[in-house]
Amino acid sequence: MRLPHCFRYDKKRELAKEHNANSRDRSVIRMNPHQTFGAYITAKRKEHGLLAREVAEKTGISPGYCGDIELNRRIPPEKGFLGKLIQLYSISPDEQTILYDLAGNARNAVSPDLPEYIMKNEVVRMALRLAKDKADTDDWQDFINKLKDR
């Protein structure tokens, strides 16, 4: 016996609800949680019509290492190398956020553009420690909106 349609699990509807709930501020570009760092930089390379060998040459790494990064067999390189990719592919500031977030996610670490800022600012570290236990997503979204309104 099949359930009436209104009682069936609808994956598309569930994803749409989740997307709408997470999209209160559409000006923030969010990382696709299913995308990998390797897939992202492979897509960027192809957008620019480059071969992995050419990217390796232009960034100063071996072609094998470049291929391993694209295939997610190696963790993403450090921030300095990411800067070379940003320059090579003319990656916009919004897309840089995605690149850094994907790299951090693959490393199971903070996005590589943030640690230096966090460590230089005691108040930021204090705020993060306090927020870790007390803030929810709405609190952070309100904070972001206040900063954008300045």
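What share of the contacts in the protein chain with a separation of 6 or more comes from residues 24 or more positions apart?

1. Residues 24 or more positions apart account for 59% of these contacts, a contact being heavy atoms within 4.5 Å. The model is predicted: local features need pLDDT of at least 70, side-chain atom pairs count only at pLDDT 80 or more, and totals for chains, interfaces and linings use all residues. Residues are numbered from 1 along each chain as its sequence is written, and side-chain values use heavy atoms, with hydrogens and water left out.

2. The protein chain contains nine helices and zero strands, in the order α-α-α-α-α-α-α-α-α. Helices (H or I, at least four residues) and strands (E, at least two) are DSSP runs, numbered from the N terminus.

3. Of 150 residues, 26% count as buried; buried means under 20% relative accessible area, exposed over 50%, and partly exposed in between (1.4 Å probe, protein chains only). The chain exposes about 11100 Å², of which carbon and sulfur atoms supply 54%; the areas come from the Shrake-Rupley method with a 1.4 Å probe.

4. Helix H8 (residues 122–134) has 13 residues and should span 18 Å at 1.5 Å a residue, which agrees with the 18 Å between its end C-alpha atoms. The expected span is 1.5 Å times one less than the number of residues.

5. Within H8, Val-124, Arg-125 and Ala-131 are buried. Seen down the axis, the buried residues of H8 fall within an arc of 130°, so they line one face of the helix; the arc is that of the directions from the helix axis to the C-beta atoms. These buried residues pack against helix H7 (115–120) and helix H9 (137–149). On the other side of H8, Glu-122, Val-123, Arg-129, Leu-130, Asp-133 and Lys-134 are exposed.
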